[in-house]
Amino acid sequence: MALVIPDVLTESCATRQALERLAAKWRILLVYALLDGPHRPADLRRRLPGITQKVLTETLRGMIEDGLVLRHVYKETAPQHVEYELTELGKSLQQPLAAICEWAVASAT
């Protein structure tokens with residue numbers, strides 16, 4: 001079977017749209033942080049030094065809209081107990097990201 005190379009230079013290309021969404025500064029790092037299971041927002045902030053609460057919230061909301069992350073509210077009254085976890089779609093990024101990590105390590109030597 002021949003490899004199909006999408007025209008990522010075309011704005012309507014689904015591959016381009018996916019790359020643009022994933023290329024946002026914190027998204028891939030949040031995927032990595034959530035690969036080992038659900039986390040509370042404060043834990044995610046500790047794991048990602050430099051991310052602000054506002055950016056974390058906005059990024060997680062966008063990832064929820066894109067179907068990559070689920071938000072679970074375990075306690076409705078203040079203080080809320082909220083956790084975020086990857087959806088199956090989000091978890092499906094593990095293998096492609098592992099390939100990128102492998103490439104980065106191999107090309108760094």
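Q: Where does Glu83 lie?
A: Glu83 lies in strand E2, a strand being a DSSP run of E with at least two residues and a helix a run of H or I with at least four, both numbered from the N terminus. The model is predicted, and local features need pLDDT of at least 70, side-chain atom pairs count only at pLDDT 80 or more, while totals for chains, interfaces and linings use all residues. Residues are numbered from 1 along each chain as its sequence is written, and side-chain values use heavy atoms, with hydrogens and water left out.

Q: How do you know that Glu83 has no salt bridge?
A: A salt bridge needs a side-chain nitrogen of Lys or Arg within 4 Å of a carboxyl oxygen of Asp or Glu. For Glu83, which is buried, the nearest side chain of opposite charge is Arg40, 5.7 Å away; here Lys and Arg count as positive and Asp and Glu as negative, whereas His and the chain ends are not counted.

Q: Which residues is Glu83 in contact with, leaving aside neighbours within four places in sequence?
A: With contact meaning heavy atoms within 4.5 Å, the partners of Glu83 are Pro38, His39, Arg40, Leu70, Arg71, His72 and Tyr74.

Q: Why is Arg27 called buried?
A: Buried means under 20% relative accessible area, exposed over 50%, and partly exposed in between, with a 1.4 Å probe and protein chains only. Arg27 has a relative accessible area of 9%, and is therefore buried. Arg27 belongs to helix H2, residues 27-34, and, not counting residues up to four places away in sequence, touches Arg21, Leu22, Thr59, Gly62, Met63, Asp66 and Leu68.

Q: How do you know that the span of helix H4 agrees with what it should be?
A: The expected span is 1.5 Å times one less than the number of residues. For the 13 residues of H4 (residues 53-65) this should give 18 Å, and the end C-alpha atoms are 18 Å apart, so the two agree.

Q: What makes the buried residues of H4 lie on the same side?
A: The buried residues of H4 are Leu56, Thr59, Leu60, Gly62 and Met63. They cover an arc of only 160° around the axis, so they fall on the same side of H4, the arc being that of the directions from the helix axis to the C-beta atoms. The face turned away from this buried side carries the exposed residues Lys54, Arg61 and Glu65.

Q: What do the buried residues of H4 pack against?
A: They pack against H2, helix H3 (41-47), strand E1 (69-75) and strand E2 (81-86).
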